[in-house]
Amino acid sequence: MKKKVAFYTLGCKLNFSETSTIARSFVDEGFDRVDFAEAADMYVINTCSVTENADKRFKSIVKQAQKKNPDAFVAAVGCYAQLKPEELAAVDGVDLVLGATEKFKITDYINDLSKNDFGEVHSCEIEEADFYVGSYAIGDRTRAFLKVQDGCDYKCTYCTIPLARGISRSDTLDNVLKNAAEIATKDIKEIVLTGVNIGDYGKGEFGNKKHQHTFLDLVKALDTVQGINRLRISSIEPNLLKNETIEFVSKSNSFVPHFHIPLQSGSDAILKLMRRRYLTNLYIDRVAKIREVMPHACVGVDVIVGFPGETDEHFLETYHFLNELDISYLHVFTYSERDNTVAASMDNVVPKNVRAKRSKMLRGLSVKKRRAFYESQLGTTRTVLFESENKEGYINGFTENYVKVKAPWNPELVNTLHKIELTEIDEDGLVRFDFVNTIATV
């Protein structure tokens, strides 16, 4: 009988790409991969240090695994496992904790899957995380997450990612192209580029700090890969999103008009406290450039509320900045203290109830921005890629510029591309459409 292994991933697209690669290594070792909701001989939890209450979330996932099989071997890997290995090892039922350099060698640490009395820890000093492991995730059949870069050399005062993932380093261009070509053979229509700081691509490509290739080189090379209909850039720092890249995307064969650009604050005073590498003027310029060459592009924004020292005036500065900016939606994060960060010891801590109120205000603004963006797209012709899930009798899809559409469930539409005309916004905020060149209206 083959042993069964199941995986649970917390956090970002990068984690999903790495879980997928780790899972393939288990299959190569003769395991059967099963869903996390099923009974398995081993459960692997890929952790995240960014989400609040990461430890509580982790404990509940371990309990879920133990309910399915109390004798299962449980392993924790990923960012939280690197930052707090002893804490995770002490959780009842955990047998193995692997840090940043060990997670890709997990099958080397497994013998007979017998339970340990105490969680066994193998973690490194983060300075040792200086080599690159490429990965890509194939989740549902419509899109794949392709990792191109790992780690970060930035020193933002709120962030633990450099402590969890180490220095900035990149995959070789040849290997990225090889992985993209592999994905293209699997009938996947869209690739999303992921990494910790993907605009820093090229650094560490050959084990040094020199940029052999730039992010623009990467984008240009990927645009030539045959068999991929869409390429999407995930989050990219505003100071690393160059005008040349924006212009190339506007004329590209495969890259879609969608940018997600972290802002974090609309107040220059707070950006300086955060040690971000730009001020609001640069951000305005980036959005203006996108709008100049791609008026229909979707622009998403990350923002943090309640950072230490953020007064009511600073917050309103952020609110008005975002309200006036021609953007499409927000991802709002409520600041939470992280051990071993500069911000955790800063004065002028914002009370949690104030953080929650500010978060609610910005989430409301995001709803307004998304609605306005969707309204601006009504009457236009776009291409939709349909997803694979039946959601209460409907199928969803995304246009190239990230408008979410809905239609009555039809399994024949899954993982297919269609020209559509956007017609109206439904009561749930999603967009209805007509198929172009067909009679069907949905």
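Start with the cysteines: there are 0 disulfides here, a disulfide being a pair of cysteine sulfur atoms within 2.5 Å. Bear in mind that this is a predicted model, where local features need pLDDT of at least 70, side-chain atom pairs count only at pLDDT 80 or more, and totals for chains, interfaces and linings use all residues. Residues are numbered from 1 along each chain as its sequence is written, and side-chain values use heavy atoms, with hydrogens and water left out.

Select Cys-48 and Cys-12. The closest cysteine sulfur to that of Cys-48 sits in Cys-12, 6.3 Å away, which is too far for a bond. Cys-48 is buried, at 9% relative accessible area (buried means under 20%, exposed over 50%, partly exposed in between, with a 1.4 Å probe and protein chains only).

Now pick Cys-152 and Cys-156. Here the sulfur of Cys-152 has its closest cysteine sulfur in Cys-156, at 6.4 Å, again too far for a bond. Cys-152 is buried too, with 12% relative accessibility.

Next, select residues 215-222, helix α7. (Helices are DSSP runs of H or I with at least four residues, strands are runs of E with at least two, and both are numbered from the N terminus.) Of its 8 residues, 6 are buried, so α7 is largely enclosed by the rest of the structure. Colour Phe-215, Leu-216, Leu-218, Val-219, Ala-221 and Leu-222 to see the buried ones. Then show what covers them, including α6 (173-184), β11 (190-194), β12 (230-233) and α8.

Axes are lines fitted to C-alpha atoms, for helices over the stretch in contact, and angles run from 0 to 180 degrees between N-to-C directions. For side chains in contact (heavy atoms within 4.5 Å), show Asn-243, Ile-246, Glu-247 and Ser-250 of α8 against Arg-286, Lys-289, Ile-290 and Val-293 of α10.

Last stop: α11 (residues 312-324) and α12 (residues 352-377), whose axes come within 11 Å and cross at roughly 5 degrees. That makes α11 and α12 roughly parallel to each other. On the α11 side, select Asp-312, Phe-315, Tyr-319, Leu-322, Asn-323 and Glu-324; they meet Arg-358, Met-361, Leu-362, Leu-365, Lys-368 and Lys-369 of α12.

How values were computed:
Parallel < 35°, antiparallel > 145°, perpendicular 65-115°, else oblique.
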